[in-house]
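Welcome! Here is a short briefing to read alongside the sequence and the 3D view.

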Amino acid sequence: MKNNKIAIFLSVMIPALCLMLSCSDITETQQKYIGQAGRIYVGKIDSLKVLSGEGRVRILGSSLYARTAQYCIVSWEEDVEKSQRFEIEDILTGSGGISMDLDNIPEGSYYFSVQTFDANGNNSVIETCYGSSYGETLISGLVAKKAIKMDPQPEGLYLTWNKDDYAVSWEVTYESTTGEKTITVQAGEETTKITDWVLGGKMETLTTVLPYEDALDLVQPEAVVQYFPTEAYFGLNKTLILENLLPTDNDGHGFFWPGIPALFDGSTAPERGYHTWPQNDAPHQGVPNHFTIDLGVKARVNRMRVVGVSPASDWYPVKIQLWGIETLTPDNYTTLTSKDPGWDAESVSKGWTLLGEFTSRVAHDDTYTIAPENVTNVRYLRIRALQSLKNTPLDDYTCIGELFFWAEAITPLP
């Protein structure tokens with residue numbers, strides 16, 4: 001019986017002693033860190049993220065565990081180790097967020113160490129994050145916007161842009177009909193129409209880029225310089241062109257041909273077109289002679305084609321003038337016949353512009369290009385025949401089957 005009591009006593013005491021010894025070991029371990037003479041750790045800033053900027057970075061994080069922290073120190077290495085101190089109250093962003101800006105960071109990639117401290121100098125464990133700042137090296141490698149296609153049309157010049165996922169916008173500075181002009185194009189626009197461009201004009205495109213999706217700063221790579229097309233020819237709509245007879249004009253009904261309207265009907269059938277009477281029939285008949293048309297638009301006319309007609313090919317005009325004016329009132333009417341030596345001077349005094357004087361190189365069908373310096377905005381044209389192919393002064397005519405006109409820019413009437 002006595003032995004049994006001893007056995008029971010030992011079976012209870014031995015586990016109790018083991019438990020006491022075990023708890024003593026735990027206490028000693030805890031005291032190494034949080035005991036009376038142990039070390040106190042401050043809550044850290046975690047969930048770190050680095051945003052890149054031009055010569056700077058921004059470190060974001062969470063202050064959820066940094067409740068007792070008073071300040072933090074961010075360290076990184078350039079040529080030497082650098083560090084910057086932030087007061088916690090200055091970097092709180094609300095909702096437990098932290099934001100720290102590091103400026104004057106040379107372009108490159110870095111590991112940033114973040115450690116918090118409380119008022120007693122106790123610190124947290126170190127948190128590390130990785131990020132980079134950008135500068136000239138990155139900027140010089142960015143794709144700038146440029147026009148990969150320039151498509152001139154009567155209503156304007158269409159610019160098609162190269163693809164670029166990072167362009168936010170781009171400024172296009174160009175030579176317009178009223179001087180230098182700048183427009184801003186937004187991201188996503190594939191084609192831009194410019195209505196007031198000029199032939200051969202300079203265009204400079206300055207692109208604004210966000211290098212990364214969450215980058216801090218917009219940057220601008222070097223501007224791209226391009227030039228507009230040096231020539232453009234848009235056919236005028238012949239259905240809009242009307243005869244606009246003025247005093248001393250010839251109506252072209254010689255030998256009962258249909259006259260001026262037939263010049264724009266698309267037909268060069270025999271005996272259909274503009275035909276003058278012999279010189280002695282009236283002061284404005286024979287050669288030289290002239291007539292006036294209304295284009296039905298305002299246009300910078302830069303090309304004309306003159307097509308002859310049978311059976312009157314001998315009287316194809318091999319020397320011809322083209323005059324133009326933008327607006328027409330009685331003050332612009334001339335009084336002299338085409339044969340008068342003073343006709344040119346009077347026309348100029350009445351506001352008409354000589355667009356060109358041409359000599360045919362290919363009889364019966366020739367095309368003439370107006371010198372760029374003579375191209376101007378016109379609505380009304382005067383065609384003046386100076387000499388025919390046969391060139392028999394006393395029995396001379398002008399015969400034209402069809403006329404065509406082109407312009408580098410066309411403006412519809414209101």
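**A first look at selected residues**

Cys399 is buried, its relative accessible area being 1% (buried means under 20% relative accessible area, exposed over 50% and partly exposed in between, with a 1.4 Å probe and protein chains only). This is a predicted model, in which local features need pLDDT of at least 70 and side-chain atom pairs count only at pLDDT 80 or more, while totals for chains, interfaces and linings use all residues. Residues are numbered from 1 along each chain as its sequence is written, and side-chain values use heavy atoms, leaving out hydrogens and water.

**Cysteines**
- Cys72 is buried too, at 0% relative accessibility.
- The count of disulfides is zero, a disulfide being a pair of cysteine sulfur atoms within 2.5 Å.

**Around Ser360**
- Ser360 sits in the loop that runs between β21 (353-359) and β22 (365-369); strands (E, at least two residues) are DSSP runs, numbered from the N terminus.
- With 16% relative accessibility, Ser360 is buried.
- Leaving aside residues up to four places away in sequence, Ser360 touches Tyr316, Val318, Asp366 and Tyr368 (contact means heavy atoms within 4.5 Å).

**Around Pro270**
- Pro270 belongs to the loop between β17 (242-243) and β18 (274-275).
- Pro270 has a relative accessible area of 55%, so this residue counts as exposed.
- Pro270 is in touch with Val309, Ser310 and Pro311, again not counting residues up to four places away in sequence.
- Between the C-alpha atoms of Pro270 and Trp257 there are 9.9 Å, and the two residues are 13 residues apart along the chain.

Definitions and conventions: Helices (H or I, at least four residues) and strands (E, at least two) are DSSP runs, numbered from the N terminus.
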